[in-house]
Amino acid sequence: MTALPGLGTPQTASPELLRSVFRQHAAGVAVITASGARPAGFTATSLTSVAADPPLLSFGVGTGSSSWPAVSAAEYIGVHILGEHQQELAATFARSGADRFGPATSWRTGPEGVPLLDGVLAWLVCRVVARVPAGDHCLVLAQPVVGDPAEPGRPLLYHQGRFNALRD
């Protein structure tokens, strides 16, 4: 392909191109949880507000992930917005094979039986309203039913493959 003035040389779309482009996109870090035979959860940077009325949010989850069976069956899920002080928690929920709900993780059972993480900036319990297949992922649409936005602090971000904090 020919270089475009001011835009570089275009590349044909591929999984690596998408990953490379989105490494440039800073995203907030959330942990999604679900109950099941055992609590399940994963770190998500795909959390997005979809609508205000009725309130709806979405996130993507890999259908090959260890959390997918619980998320695919859950009627309710937990959404946790992490603070900049929670890099280790984010890494634990992102790491394959980690004991995510082990002694190092402070959590409790919340409304609708959803596992809720302690010390997060904000949390929601949401009712799953749709699951939309999307390649090797599933896009989950959920409607908040209860939550708490009250913890002070600054959000944890993900950028260039690393967890980061806001800088003034």
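This is a predicted model: local features need pLDDT of at least 70, side-chain atom pairs count only at pLDDT 80 or more; totals for chains, interfaces and linings use all residues.
Phe-22, for instance, counts as partly exposed because its relative accessibility is 48%.

Residues are numbered from 1 along each chain as its sequence is written, and side-chain values use heavy atoms, with hydrogens and water left out.

Now, the inside. A nonpolar core here is a set of buried Ala, Val, Leu, Ile, Met, Phe, Trp, Tyr and Cys residues joined through side-chain atoms within 4.5 Å. The largest one has 19 residues, and Ile-32, Phe-42, Phe-59, Val-61, Val-71 and Ile-77 touch the most other members. Among the elements that each supply at least two residues of this core are strand S5 (55-62), helix H2 (68-73) and strand S9 (122-134); helices (H or I, at least four residues) and strands (E, at least two) are DSSP runs, numbered from the N terminus. A second, separate core of 17 residues includes Leu-82 and Val-114.

What does Val-71 touch, leaving aside its neighbours within four places in sequence? Its contacts are Ala-34, Phe-42, Phe-59, Val-61, Arg-131 and Val-140, where contact means heavy atoms within 4.5 Å.

Next, helix H3 (residues 87-94). Leu-89, Ala-90, Ala-91, Thr-92 and Phe-93 are buried there, and their cover includes S2, S3, strand S8 (115-117), S11 and S12.

Let's move on to charged pairs. A salt bridge is a side-chain nitrogen of Lys or Arg within 4 Å of a carboxyl oxygen of Asp or Glu, and the structure holds four of them. One of them joins Glu-84 to Arg-154, with the closest N and O atoms 3.7 Å apart. That pair links distant parts of the chain, 70 residues apart: Glu-84 sits in the loop between S6 and H3, and Arg-154 in the loop between S10 and S11. Glu-84 counts as partly exposed because its relative accessibility is 30%, and Arg-154 does so at 29%.

Another salt bridge brings together the side chains of Glu-16 and Arg-23, at 3.2 Å from N to O. Glu-16 is partly exposed at 40% relative accessibility, and Arg-23 is partly exposed at 33%.

Technical notes. Buried means under 20% relative accessible area, exposed over 50%, partly exposed in between (1.4 Å probe, protein chains only).
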